[in-house]
Amino acid sequence: MEYETPLFFRVMAYAADADRDVIDMVSGNPDWEPPATLREGLREYADFDADRFQYPPSEGLVELREEIAARRGVDVEQVVVTNGTGEANYLAMARAMERDAGSEIVLTDPVYPYYPGKTTILGGEQRFVAAASDGRLDPADVREAASEETAAIVANSPNNPTGAVYPAETVRELVAIAEENDAILVSDEVYDHYDLSGRFASALAVDSAHRIVTSGFSKSLAITGFRVGYAIFPPDLVANAKSRHMLVNVAGSRPAQYAVLRALRETGPDYYEANRELLRDRVDAFTNALDAAGADYTRPEGAFYVMARFEGYPGTLENVERLIDEAGVAGMPGEAFGASREEWLRFALVTPRVEEAADRLAAYFE
Ligand SMILES: Cc1ncc(COP(=O)(O)O)c(C=O)c1O
């Protein structure tokens, strides 16, 4: 079997190796600071007794699971702390597949490329539902694609790459469609702290034995390198997921979980609001410059990506590499996110130089 290896690391390496100054807008690595309390937690950890350098409980530090459970309004037994949201998504999709209630996984197009790859390694069939050009997802289209063959529907809001934030009604419908087809809605909410619209709706608001919520701290605390995420399972589905997590990983990183716990307990809402404000400014600066360049783009309601289209310049890997070499701006090829975005490029707003990047693009395409 051939796996579909996502292109992110390849494009980042190409940009890093370029023989010129490149503005890196490839990755989803925030360039803003984590909370100060997270650094303090890490420092504190270095001086703990050596017994705290040994295995944590496999499903995560109990205090961290309790903190997550309290914040999300669920029972602590439903929470599994994972190696990032990536593992949480894998556990959730695997759990849906092993119910033997279908082997298709319904995904959106455009899609976060790790979902189709995970579908393949789990032996599932990919089935795509097109999102609208602004990223909105029509539940009627999902209902049409779903059937008794459906094991899971994977949805992501705020969305990477489109920036769409699904309204509560859409999320409710997605849970209902999972129920109607004896499937599982996997709701990836990793960008929940970057809702710029004020409309974000968590799938946890809809009580159901047919939805699993995944999230993590890579984005909300600006620590993609720490690898701390979590999944919230319905009570009847959690046991196998904990076993799979243990069999694959043994456990997650204990110092990272401790530092996240301290940051959660001691960080106020101002931290998150300041980062949203920073992003709002960057969205304005980047899209204003894109306007001036005459490019098409989607203005994100959340997350931190902008998809843009330049006349006569499709979003292929080759064109992305050319843009790095000739314009000094690195983005992701739209084709990596699905057939519907082959003409587009995706830019991550993770640099203070977003305006300069858009100016470079404007000059290049003039
Ligand atoms: C939609 C989505 N889900 C999951 C992840 C992975 O998150 P983590 O670093 O928590 O594994 C990303 C990272 O970019 C993402 O965009």
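What follows is a chat about the helices, the ligand shell and a few backbone details of one predicted model.

Me: Before we start, what kind of model is this, and how are residues numbered?
Reply: This is a predicted model, where local features need pLDDT of at least 70, side-chain atom pairs count only at pLDDT 80 or more, and totals for chains, interfaces and linings use all residues. Residues are numbered from 1 along each chain as its sequence is written.

Me: Ok, how many helices and strands does the protein have?
Reply: There are 12 helices and 13 strands. Both are DSSP runs numbered from the N terminus: helices are H or I with at least four residues, strands are E with at least two.

Me: Switching to the ligand: which residues come nearest?
Reply: Gly84, Thr85, Gly86, Gly216 and Ser218 come nearest, out of 13 residues around the ligand. A residue counts as near if its C-beta atom, placed from the backbone, lies within 6 Å.

Me: Which element gives the largest share of that shell?
Reply: Helix 4 (residues 84-97) does, with three residues. By class, the shell has two nonpolar, 10 polar and one charged residues. Here Ala, Val, Leu, Ile, Met, Phe, Trp, Tyr, Cys and Pro count as nonpolar, Asp, Glu, Lys and Arg as charged, and the others, Gly among them, as polar.

Me: So at what angle do helix 4 and helix 8 cross?
Reply: Helix 4 and helix 8 (residues 238-249) cross at roughly 125°, and their axes come within 10 Å. That makes helix 4 oblique to helix 8. Axes are lines fitted to C-alpha atoms, for helices over the stretch in contact, and angles run from 0 to 180 degrees between N-to-C directions. Under 35 degrees counts as roughly parallel, over 145 as roughly antiparallel, 65 to 115 as roughly perpendicular, and the rest as oblique.

Me: Which residues make the contact of helix 4 with helix 8?
Reply: Leu91, Ala94 and Arg95 of helix 4 and Asn240, Ala241, Arg244 and His245 of helix 8. Two residues are in contact if their C-beta atoms, placed from the backbone, lie within 7 Å. This contact divides into three nonpolar, two polar and two charged residues.

Me: How about helix 10 and helix 12, what's the angle there?
Reply: Helix 10 (residues 269-293) and helix 12 (residues 354-365) cross at roughly 10°, with axes that come within 8 Å. That makes helix 10 roughly parallel to helix 12. Residues that meet there include Phe286 and Leu290 in helix 10 and Leu361 and Phe365 in helix 12. By class, this contact has 11 nonpolar, no polar and three charged residues.

Me: And how do helix 3 and helix 9 pack?
Reply: Helix 3 (residues 62-72) and helix 9 (residues 254-266) pack at about 40°, with their axes 9 Å apart. They are therefore oblique to each other. Glu63, Leu64 and Glu67 in helix 3 meet Gln257, Val260, Leu261, Leu264 and Arg265 in helix 9.

Me: New topic: where are the cis peptide bonds?
Reply: One joins Asp109 and Pro110, with omega about 10°. Pro110 lies in the loop between strand 3 (104-109) and helix 5 (114-121). Another runs from Asn160 to Pro161, with omega near 15°. Pro161 is in the loop between strand 5 (150-156) and helix 7 (168-180).
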